[in-house]
Each structure stands twice: as C-alpha cells, then as structure tokens.
Amino acid sequence: MAVVASRRRLGSVLALAALLVLLAGPAAATGKTGQVTVFWGRNKAEGSLREACDTGTYTFVIISFLSVFGHGKTSLDLSGHPVGPIGADIKHCQSKSILVFLSIGGSGSQYSLPSAQAATDLADHLWFAYLAGRRSGVHRPFGDAELDGIDLFIDQGPPDHYDVLAARLWSYNKDFRGRTPAQLSATPRCRYPDPRLERALATGVITRINVRFYGDGYCAAYWQLEWDKWTAAYPNSGIYVGLPASEQVVGYVHPKNLYYGIVPVVQKAANYGGIMVWERYADKQTNYSSYAIQWA
C-alpha cells in the first residue's frame, strides 16, 4: 500500500508539472535569446563568483559540484574556493538578474542514489540546505543565500532514482505563487539519449538542458544530428549548446565557426535556449563568452 501511495504522489507531482509546462509553452522562441550559461567552481584560479558575474557576459552561473551524495553523506567540491564569501556573491549575482544554480554530480565516483528514499533524502537536503527551505538543525553552507535551482550533471554510476529526485524537488514549488524556487536543469552528454538522465528528463520538470557538445569526437563531427534529436525530444525545455572555452578540449569551436556555422542552425529551433560555456577558468583565459554573448 505504501508503494502504491508513493507512486500516486509521484504521479500527481508529474501531472502538475506537465500542466505547468503546458501552460508556460515552449521555453524559448526561435532566434537570438542572449542567454549564456557558465560553470564556475572547477579551478581556484578562475576568480570569485562575484568576479564572474561582474564580467557582463553571463546570464546564468552554475556552481559545481556537490560531488558526494546518496549514502548518508554530502560534500561540496569547489576546487579550493573558500565557501564563506560565496553566499554574498550569490546575492550579488542575483541582484544583477543572474540565476545561480548548484550542480550535483560531476566526474567523481562518490555519488549515486541507491534507493528512492535516498533520492527523497537528497532532495530534502538540497531544499533545506541550499534552496528556499528552512529547517532547524540543517546547516546552510552559503548562509541565508537561496540558490535558484539545481543542475543534474550525472556522469558516473547507475541512472536509478534521479526521476524521484527531480519530482521531489519540483514538488516544493506547489506552495509558492508567482515564483519557482526549485528550478531544475540537466547537463547531459551529447549522444541522445543520455541513459543516466533519461528518466529524470522524462518527468518533464527539467526546463533547461545544457547539452555537452564536447569531449566526444563523434559529437564534434555530428553535432547537428544530435542537436535535432534533443530539440525534438524535449520541445518544452530550453536546449542550450554546450561548448568548451578551451582549444585543448575536443569539440572546441572557433568563434568564427560559431557565428557562421552553429548559431544560424541552432537558432532555428523553437526551443533553442542559448549557449553554455565550459568552464569559467578556461573562459577567463580565452574570453570565449564575449563572443557567445553577442551571438547567443
């Protein structure tokens, strides 16, 4: 009976999410959106979060990563950045109308969701420790700063229960009017579908999808084929073109080729969202986002 009730609750949450997405319509219109996302937290030499937001070239910043979770323990890996100032930096970014998310997962091997209960527990932890929730006894690493949402960057381990995690996080939004305090994004590998995120994306509650068109020679050669698959599969989510800022990464696109070869193609999609730049440290060296923000 408990399992049936749990499934019914999950079904109710997903039905509500589907209705809200339907009412909202497509996440982005055809043409230029001016949206540029960057991942921050991968190298201490990249500078502070505040500095990244002050460049004027990002509209969305993803702090990475919460790299340990699912087995009774959670831990941030911010590449040596001191945690103390980040709360104030988050508020500073938000004051500039820049959304700030926390990404969970990454390239490490210390995370997975072994059960539906583990997924529920992680969702509750994220809500009360990083988002708009408050609960006595729960430590908030970034103080009273409230992140705008959670990104799923699931690169290792089994795919199980990320759909439960996404649905549980989204369920917190039902108590709020006029805003969505638990927004969700995902950052899958480019080959469609990404088996680790397929179930989570099927919930319909993930409104931003940053497809990583890098780190894979196949994707560098057949990016348009994969782009068409992603945009067709998730018409109510904004699909972002994920590109590396470093020439050393497979899939790097020269700014000239970005302008003449990629932008005209991706902006034809009704659910084109913008450009995602991997990552802040490399971008600081190359200033890749200065091109992206002009053409996104």
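## Overall build

The protein chain carries 11 helices and nine strands, where helices (H or I, at least four residues) and strands (E, at least two) are DSSP runs numbered from the N terminus. This is a predicted model, in which local features need pLDDT of at least 70 and side-chain atom pairs count only at pLDDT 80 or more, while totals for chains, interfaces and linings use all residues. Residues are numbered from 1 along each chain as its sequence is written, and side-chain values use heavy atoms, with hydrogens and water left out.

Of the 296 residues in the protein chain, 52% are buried, meaning under 20% relative accessible area with a 1.4 Å probe, protein chains only. Among contacts (heavy atoms within 4.5 Å) with a separation of 6 or more, 76% link residues 24 or more positions apart.

## Helix α11

Let's look at α11, residues 288-295. Its buried residues are Tyr-288, Ser-289, Ser-290, Ala-292 and Trp-295. Their cover includes the strands β1 (36-40), β8 (238-244) and β9 (272-278), along with the helices α9 (255-266) and α10 (280-286).

You will find Asp-194 in the loop between β6 (183-186) and α6 (198-202).

Notes:
Buried < 20%, exposed > 50% of the residue type's maximum accessible area, 1.4 Å probe, protein only.
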